[in-house]
2 protein chains.
Amino acid sequence: MIAVMSGSFLQRGEPAIMDKFHRTKAALSSGVDIVLELPYIYAVQNSDLFAQGAVQTLHEIGVSSLCFGSESGDISRFTSSYNVLQQEQPAYQTVLQKNLNLGLSFPEASRHAYQQIGLATSEMDLTKPNNILGFSYVKAILDHNLSIKPLTITRIKSAYHDQAITGSIASATSIRKDLLSKGHISETAVDALPDVTIQQLHTYKKQAGIWHSWEDYFQLIHYRVMTMTKEELAAIHGVDEGLENRIKKTARSATSFYEWINKIKTKRYTWTRLQRIFAHILTSTAKADLQPFINAKTVPYVRLLGMTKTGQSYLNDRKKDMDVPLISTLAGTKNPLLSIEEKASHAYYSIIPGEKKQTLHHQELKPPIII
Amino acid sequence: MIAVMSGSFLQRGEPAIMDKFHRTKAALSSGVDIVLELPYIYAVQNSDLFAQGAVQTLHEIGVSSLCFGSESGDISRFTSSYNVLQQEQPAYQTVLQKNLNLGLSFPEASRHAYQQIGLATSEMDLTKPNNILGFSYVKAILDHNLSIKPLTITRIKSAYHDQAITGSIASATSIRKDLLSKGHISETAVDALPDVTIQQLHTYKKQAGIWHSWEDYFQLIHYRVMTMTKEELAAIHGVDEGLENRIKKTARSATSFYEWINKIKTKRYTWTRLQRIFAHILTSTAKADLQPFINAKTVPYVRLLGMTKTGQSYLNDRKKDMDVPLISTLAGTKNPLLSIEEKASHAYYSIIPGEKKQTLHHQELKPPIII
């Protein structure tokens with residue numbers, strides 16, 4: 001079982017609550033054999049680019065099937081939806097563009113376009129967040145005819161965006177919210193988390209002194225925006241349509257991250273989209289940095305974060321058939337994508353004081369975790 | 001009496017212990033009638049550029065004489081040294097260049113060159129820090145034949161670099177060191193400071209929560225360096241000869257500002273020079289930003305920070321004769337030099353938490369202080 005995992009920053013633009021190495025340990029102790037890192041430039045993106053990076057990574061590592069959670073739970077509906085979308089592409093695009101021009105956010109505009117071509121029915125609702133992401137995986141497989149069999153399991157009891165923990169099955173959003181607001185692992189959270197995750201959360205807090213949230217980065221990101229020119233801000237990935245002016249204008253009076261984003265937010269620029277943009281500002285990820293990767297046929301490397309003995313023996317066999325390098329430490333490795341990765345990692349750890357930061361960050365240069 | 005004062009960052013590359021507005025109030029209460037700001041790009045520089053900005057500012061505002069402290073205390077020796085240097089320029093340049101090539105710092109290389117042409121005698125020692133600065137003032141006046149009469153008073157009892165307070169007359173360095181290390185105004189410091197300065201230091205600490213020192217900026221500057229590419233770092237003013245590699249290399253293991261600078265320091269790259277460079281990194285001041293100003297015949301504007309009634313009435317007369325604008329608030333004013341100024345100001349205040357920062361920083365948009 002191979003997992004592709006976001007690194008320091010997550011798809012919705014948030015810093016991970018604890019670092020990738022501690023999350024890797026939790027995953028390996030929970031049945032995963034190999035943990036690979038989804039590079040920053042794929043991880044902090046809309047679903048299509050996110051899926052492209054993930055599927056290409058899994059393809060390189062040679063998986064036979066790919067499994068994702070979804071509201072639908074019926075894989076045949078994903079493939080049939082793919083066929084519908086292929087045929088109805090022009091209609092979809094027209095409605096999508098019209099809605100974008102009306103100032104709707106991309107998810108909203110896309111939702112209406114799906115409804116128009118019949119892809120928002122109760123059996124297969126492509127407006128639900130995990131269906132959207134799953135559909136992007138299926139698309140990434142079918143677009144390139146990859147020999148990967150897509151599978152899906154139904155998400156039950158909890159919606160992706162649920163804000164409160166709903167019992168032993170809960171959304172990541174609700175768990176993070178509970179942990180960050182309470183500052184400790186509550187009884188409710190204990191019920192919703194595997195023991196190994198609880199253990200890693202404890203270990204991380206002891207080592208880093210914190211669990212990461214955007215508010216911890218407020219001083220840094222505020223300083224950064226304030227010392228950038230508007231031109232520099234406009235060069236950052238995601239800062240379009242004069243958003244640099246709005247970010248600058250609202251900065252002066254913002255006293256917290258929450259307050260700042262709330263001041264910038266519009267129908268078009270949703271909270272998630274703005275969080276991603278702020279991650280790109282924090283990590284200095286420019287539009288130009290992404291260009292080489294957006295339409296690439298493959299990821300430039302596969303980064304191994306950790307493995308079990310089983311995973312290790314699989315990789316020993318697989319390595320020779322890979323088209324791209326398998327990277328297991330940043331020490332001595334050079335690659336344009338890795339420089340972005342390093343910046344993301346530096347930015348992530350930068351809020352941890354003194355030597356604690358170095359100890360944690362140093363893991364980046366060590367061999368992969370083996371348990 | 002008109003004073004030209006550095007703003008947020010000082011000549012030796014340090015953040016000012018309290019902000020320019022509180023220092024302006026102290027100056028106005030101590031007998032100064034008009035306080036003008038020396039723009040960041042002149043203030044955080046070697047003595048020649050520092051003097052160029054200061055003398056040009058004073059010339060624009062129409063002063064008849066200029067007074068500075070020096071170890072020598074004899075103004076005729078400054079003017080005669082100017083004449084010697086004019087004649088011995090080629091010899092000076094040859095030795096200077098030779099010493100620079102040997103890896104000496106500029107002050108060291110210059111010191112030997114002065115010795116060579118006889119400008120390091122006990123009567124007029126151009127290797128003493130305040131003589132150097134004073135000589136740069138005299139040079140800035142005489143080079144452009146300005147109608148300003150230079151005057152000097154002897155520095156007594158305390159050397160510029162003295163680390164400990166030496167009684168009621170003490171160096172700024174020693175006073176800052178005492179304040180920052182103790183965190184309060186000690187009996188020793190009280191003896192060396194005017195009452196109004198003590199009062200402003202108290203007020204500032206109450207409002208900002210801190211007195212500023214480089215260590216307070218360590219997290220920000222470390223984050224900044226870590227998320228810059230080497231190319232971006234090399235574009236910063238002062239980062240030459242591959243220094244970007246040394247800054248990056250030492251960054252990973254540095255846990256404090258002091259430790260970091262100590263790791264980078266060489267004979268050539270002195271503490272002061274590195275502090276200036278770090279100020280330029282913190283404020284994103286690029287080589288290209290400075291180009292338009294380095295050999296300019298005049299400063300692009302004069303920034304008024306505060307005045308007494310006497311100062312106000314002088315300025316009312318003087319304003320019409322000025323060749324450059326007299327700026328008294330940043331609100332609504334645009335100028336390339338002011339954008340650098342704004343960035344410096346943002347960077348300076350960025351370490352103060354939440355609303356306190358805004359309250360203090362907001363002074364930048366208000367009319368000048370009048371007392």
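How many salt bridges does the rule find across the interface of chain A and chain B? The rule finds two, where a salt bridge is a side-chain nitrogen of Lys or Arg within 4 Å of a carboxyl oxygen of Asp or Glu.

## About the model

This is a predicted model, in which local features need pLDDT of at least 70 and side-chain atom pairs count only at pLDDT 80 or more, while totals for chains, interfaces and linings use all residues. Residues are numbered from 1 along each chain as its sequence is written, chains are lettered from A and ligands numbered from 1 in the order in which they are written, and side-chain values use heavy atoms, leaving out hydrogens and water.

## Where the chains meet

Let's start with the contact (heavy atoms within 4.5 Å). Chain A brings 28 residues to it and chain B brings 29 residues. Between them the two chains bury about 2,500 Å², with 53% of it on carbon and sulfur atoms. Buried area here is the accessible area (1.4 Å probe) that two parts lose on being put together, summed over both. On the chain A side, Gln219(A), Tyr223(A) and Arg252(A) lose the most area to chain B, together 27% of what that side buries.

Across this interface there are also 15 residue pairs in polar contact, both residues being at pLDDT 80 or more. A polar contact is a pair of N or O atoms within 3.5 Å; within protein, one must be able to donate a hydrogen and the other to accept it, and residues adjacent in sequence count only if both atoms are side-chain atoms. Helix H10(A) gives the most to the side of chain A that touches chain B, with six residues; helices are DSSP runs (H or I, at least four residues), numbered from the N terminus. One salt bridge joins the side chains of Arg252(B) and Glu342(A), at 3.2 Å from N to O.

## How the copies are related

A rotation of 180° with 0.1 Å of shift along its axis superposes chain A on chain B, with an RMSD of 0.1 Å. That is the relation of a two-fold axis. In chain A, the C-alpha nearest the axis belongs to Leu220(A), 3.1 Å from it. The superposition uses least squares on the C-alpha atoms of residues with pLDDT of at least 70 in both copies.

Why do the copies meet through the same surface? Because 100% of the interface residues of chain A are also interface residues in chain B.

## A link within chain A

Over all chains, the salt bridge count comes to 26. Glu14(A) and Arg176(A) form a salt bridge, their closest N and O atoms being 3.3 Å apart.

How values were computed:
Helices (H or I, at least four residues) and strands (E, at least two) are DSSP runs, numbered from the N terminus.
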